[in-house]
Amino acid sequence: MEKLSGLIYRVRNPIIVILLILIAILSFIFYKSQTFEQIESSIVPKYHFYIISQNSVDPFWLEIKRGIEKAAKQFNVAVEFNAPRFNNPDEELKYLDIALTSKVDGIITHVSDEASFTEAINQAYEQNIPVVTIENDAKSSNRSAFVGTNSFLLGKEAGELMVDATKGKAKIGIIISNDYALDAASQNLKINGFLSSVNSFPEMEVVRIESSKMGILSAEEIMQAILKEDPDIDAIYTTNSVDTLGSTQVIIDSNRVGEITLVGYGDTEDILRYIRKGVIYGTVMSDPYKMGLESVKALLDIKELDNTSTFIDTGVKAITMQNLQEYENNRANRAE
Amino acid sequence: MLEGLFRFSGIRKKLIIYYLITIILLGLTSTFSYYNAKLMLSRFKDIFIDYIYLNSLNNEVTMLTTEVEKYLTSNSSEAILNYYNYYSNLQEKSKNISRQPSTELDALMLKDVGFMLDNLLIEADSAIMAKRGRISSEYISHFKRADEISEHIKFYINNLLNIKLQNGSLEYQALTKNVSYISYLNLMLIIGSLILNIFLAIFFTYRLTKPIIKLAHSAEKISKGDFAIQPLMIETNDEINVLVKAFNKMVINIKSYIDDIKGQAEIENRLKEQEMQNLKMKSVLKDAELKSLQSQINPHFLYNTLNTAAQLAMLEGADKSSQFIGNVADLFRYKLRKLDQPVTLRDEVQNVNNYMQILKTRFADRIEFFSDIDEQILEAIIPCTIIQPIVENAFIHGLEEKEEKGKIHLAVKAEGQKIYIVVKDNGKGMGKREIEAIIFDHNPARSHVSGIGLQNVIDRLRLFFNISQTEEIIEIESELNKGTKVTLMIPNIKDVVFND
């Protein structure tokens, strides 16, 4: 004991103190270098949901993805995203097959081609995997629910915007996206909705309807043709964001800003910028973020309550210069 | 034994602590480097393990479908054996895949692969069974499905590999960055610990050896005989302190011993000096005494006067008077000699003769003088005015008051190394008391011619010959009414130079 206390007394020796400090520093470095790899997810997610989107580049789908991720985090669900890089129904079907073979707990899928998708969705139903369709529906399949926007409403809203913009007097050209002519029904619904708004104004006339095929370049081509062949067209309606941007580009290039009223679709940064500048009068927008959120909720309801409504409408919004600021603020808030 | 091993004290403890510090420092540094290297290696291994695993999975799936195809087309038993081999392998692998959903994408995908594997195996097995049952339509559809699934699996594995590669490359970048950082840190640590160790080595060595060197210097000084060193002030808590304390004590002790010896030598010296001084004083005293004794007699004037009287008497034709006065003058002339110069015995005897002539003249026939002189020894050296006072004593004390004829014998003879001078009278003699009174009479004789009494003679003889005992110088025999015999015994010395 005496030796021990003597030793402790000896600790006052400055060298020993220095040594102890050194050892402490070294052990601290040791400890730190060891801890930085021990970050692990502690929570095991409840379900594994499989998401198939139309493509992986469209801001619309990215927004849906954000909504899904948000919901996944909120409800502790693991989500796996799969999408063809560009629109490709075959690849979507392949993913659907993979999802089926992988016995996931639930599938959220975009439907490109109702006929072929219906078969796969029915297979899933047989394997007891609930399927929620998103943005585009396969009505005749055994899907558990559809989350999206009513296309007719979208068109109608756009028509109302057009009426506001042109004060009920316009010669209108319509560019619809018609990849593979798959969702013709939905496109028709949009046009019908648009027409239902416009038809009550006798001086408004739809002169031309074109369908774009290959993204932004296709839209530009069509737009140039319209401007060239029908110089008296002074209003354009586009039904997706890519076409909207392409048309805008042509209007700017041919120096006809202000002469042509453009009502489009989408809320990408570029589109919002053009709205602010007055190149685009306004766009209608379904709420992709909300779609993502609601689709996960619907699947969860099916898993846990075995019940959900078959159609979940996420609403339509019109974006014009008047509510642009408000819209952007909302979006910024949501991003956080 | 153990007690001794574990008793850390003093230098041993210091050395052990120093070595421990060094070892721990270097040990920590190298452990840190080793640990880091191992960590890096294991993380690189983690990256590659996934690749290897996925690759082998991919291969096995491909091989499985190939073997199934082979069997379906050729019915080969080798194919079926291989098939079962791959089947069980894949089954094992599928079992090991976690079926828990995860937030990690690669884990999710692996889970998918697991389920797909299960389905693949079911389909493949069904195809094989159908083939065995020879249901051709069925085995083809099962095989097609299996092929589809295997394509899915490969697609997924490819994606997984892509993801892993991406993550791996990211991780690799992070790791290499980390590695460079850590190797830099290692280098710094090694350099730091080296510098620290060198510093510690120097520090400890200086700390340990400084007192020893000091001690050595002091010891060197002392060995050269320089004891005037300051006591060493070394405050360490080890054996060196003990050493230093012992050394200091030793120095102080040696110093005090030397001081003691020096003091004693000084005292002895002083004593000797004192003795010498005493001796000198004594001799001076003796000298002074001698001179004072001799100076009692101052016969200059008397001698000159008597000489003149003798010449006068001769001129007037009174021969007897002239002789008598001449004798008296001689007597005094003898006194005028250098008193500190010794004389020969001859001179002394002559002086006595002179004196006796005077007495004879004075007292005519009332006194008779006989002398028996050994001519051989008359060159011996003695102090002057030695015999005359004794003869005078004999006359004054022994014969003066006597009516009948007085006789005085003077005998000088040699016997051995000694000279005996004997003065004998036939006077009234003395008692013992009187003899002692004569010998030890310190009052100078009142009526002596020379002013020198017997006591004085004895003293001078003693001083001259350096003999302390009175009895060795003089012997007095006396009988009342018969006479006295005084014998002087002196060493026979010729021509001795006395230093004064």
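Tutor: Two residues are in contact if their C-beta atoms, placed from the backbone, lie within 7 Å. The model is a predicted one. With that cut-off, and leaving aside neighbours within four places in sequence, A:Val296 is in contact with A:Phe49, A:Ile68, A:Ala71, A:Ala72, A:Phe75 and A:Val77. A:Val296 also belongs to the largest nonpolar core, which has 69 residues. Within that core, A:Phe49, A:Val296, B:Val68 and B:Ile153 touch the most other members. Helix H4(B) gives the most to this core, namely eleven residues. A second, separate core has 41 residues, among them B:Val352, B:Tyr355, B:Ala380 and B:Ile421.

The contact between the chains takes 17 residues from chain A and 20 residues from chain B. On the side of chain B that touches chain A, two or more residues come from each of helix H2 (10-74), helix H4 (105-132) and helix H5 (136-223) of chain B. The largest share, eight residues, comes from H4(B). By class, this side of chain B has twelve nonpolar, five polar and three charged residues.

Of its 500 residues, 25% are buried. Among contacts in chain B with a separation of 6 or more, 70% are between residues 24 or more positions apart.

Conventions: Residues numbered from 1 in each chain as written. Chains lettered and ligands numbered in written order. Predicted model: local features only at pLDDT ≥ 70, side-chain atom pairs only at ≥ 80, totals over all residues. Buried ≥ 20, exposed ≤ 12 C-beta atoms within 10 Å, placed from the backbone. Helix = DSSP H or I, 4+ residues; strand = E, 2+ residues; numbered from the N terminus. Nonpolar A, V, L, I, M, F, W, Y, C, P; charged D, E, K, R; others polar. Core = buried A, V, L, I, M, F, W, Y, C linked by C-beta atoms within 7 Å.
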